[in-house]
Each structure stands twice: as structure tokens, then as C-alpha cells.
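Here is a friendly walk through one protein chain. Have a look at the model first, and then we can go through it together.

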Amino acid sequence: MNFLKRRPHLLILLALVVVAAVTVTVVAVIQAYKMDTLSPREERDRAASGAGGPPGQVDCAKAKCIALTFDGNPGEPTVRLMDLLKEYKAPSTFFLEGRRIHKFPEVVRRMATDGHEIGNHTWTHPVLTEVSDARIRVELERTERAITGITGRKPTLMRPPGGSTDDRVSKVAKELGMAQVLWTVTAKDYQTDDSALITKRVLDGAGRDGIILLHPLHKGTVPAMPSILKALSKQGYTFVTVTQLLAPAKAEPGKIYR
């Protein structure tokens, strides 16, 4: 009987707990979007200070540059994607999850050999704003070791899964010597297998100094790439890595670029 009398109070308490949890989550998301981000164009122009472009590299102050970036593990169909990128002379940036890197070392080595940039996308793809500082560090350090062990090059860029970042993520990234890279265009290829729609979303959002986000392992993405690469080439874009897009500026560890 006492339980029945107390039940409404328990339900109200439970409802308040749920509301509080939802509120905290919403605030965290809003805070992530309010984080200060740096524009590659502004950073590049500030570093140039009237000087010429970087020697031996594309000068994105003059060229119409765009950066293709790909998130995920290096499994099939990444090789087919790299064949297309080579055909269109499109150096890109791959943000790799670490947990399957050891299964495809030859693919990762080819990325480096072909002139692509390799960044860190954590070990197991958690939402970093929802895990402890220690977990953030482990996720990034394990992937860093895996990439360095195969390529001999330590990644200096990382992409937080889902773009979720905050001051804690930034602090750990800075301590590990990695800048954070978000994006200006996403095809949301994780929501559709429609290659025509993926192509349209990329081309509708593309702009000079843009950073495009794609996921090779989703079924519609690689089939969309010939149309995307052909259209952007016809529009006069020069494909560059994120580091090339910033040059002569250098990505600063812990900072967020978009």
C-alpha cells in the first residue's frame, strides 16, 4: 500500500532525472557547436602576410582549392577509391579508425605512398565528449601508434567522431600534438546508398577552400566518386590535403579547423 502511495512520486522523480539527462546532452551538443573554429583560408592568409605561396606546393591563395576527406577504416573499397583519386590527381586526407588498421597495412602504406594525408579518427569511434579524459587519450594514442608503425609518420591531424568536441577533447588533442579537423560539407552518405543524391549533396555544398566529408565504406560513396571528381575538376577545383589547404600556415595542436 505504501508503495502504491509512493509510486507517483517515484515516477515524477524518474521523469525529472530523464529531463535532466536530456538537458545535459543538449547543452553538450550546443557547446560543441559553439566551440571556436578556424578557417583554413584566414589562417593561410594570416601566415602568408603578403609572401608568396609555399615553394613546390599548390598555392591555395591563387588556386581554387578543395580538400576531400574520408573517414573510416581502410578496408575494401578503399583501394578502388584510391585508384580513382590517382586518376584525377586528387591527393586527399584519410581519417582512419585504428581497430582494423592492422588488417590492411598494405592499403595504409599505399595511402602514404600515393601522397595522401593520414589522420587519426580514434580507435573505436566513440563520441569523445561522452567519455573520460583517459579514454580520449587511449583512443587517440592507440590509433597514433598503429598509423606510425605502418607509415613511419606520426599523424598531426585528428577528426573527432561525429564532429563532437569540447574543451576536454581539445586539451588532450593538444597534449598529443594533433589539430582537430571538422568539415564544411557532408554528403550524409551514412544515411543513403543513392550515389546520385550523394553527388548532388557534395556539389551543392562545394566551395573554394571547402573540406568535404565522405565515408568510403558506405555502399553509395565510391560509386559516386567518378561523378564528384569529374564535376569538381570541370569547375576548376584543385584537390589538396588539409595540410596543403592550410599552407603556409601549420595546423596548431588542439585547435579546430573548418
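## The chain overall

What share of the residues in the chain is buried, taking buried as under 20% relative accessible area (1.4 Å probe, protein chains only)? Of the 258 residues, 46% are buried. This is a predicted model, in which local features need pLDDT of at least 70 and side-chain atom pairs count only at pLDDT 80 or more, while totals for chains, interfaces and linings use all residues. Residues are numbered from 1 along each chain as its sequence is written, and side-chain values use heavy atoms, with hydrogens and water left out.

You will find nine helices and nine strands; helices (H or I, at least four residues) and strands (E, at least two) are DSSP runs, numbered from the N terminus.

## Around N73

N73 sits in the loop between β1 (65-72) and α3 (78-87). Its relative accessibility is 12%, so N73 counts as buried. Beyond its neighbours within four places in sequence, N73 is in contact (heavy atoms within 4.5 Å) with T78, E97, R100, F104 and L217. A polar atom of the N73 side chain also lies 2.9 Å from the backbone nitrogen of G75.

The axes of helix α7 (residues 195-205) and helix α8 (residues 221-234), as lines fitted to C-alpha atoms over the stretch in contact, come within 8 Å and cross at roughly 40 degrees. On the α7 side, the contact is made by S195, I198, T199, V202 and L203. Their partners on α8 are T221, P223, A224, S227, I228, A231 and L232.

Conventions:
Buried means under 20% relative accessible area, exposed over 50%, partly exposed in between (1.4 Å probe, protein chains only). A polar contact is a pair of N or O atoms within 3.5 Å; within protein, one must be able to donate a hydrogen and the other to accept it, and residues adjacent in sequence count only if both atoms are side-chain atoms. Axes are lines fitted to C-alpha atoms, for helices over the stretch in contact, and angles run from 0 to 180 degrees between N-to-C directions.
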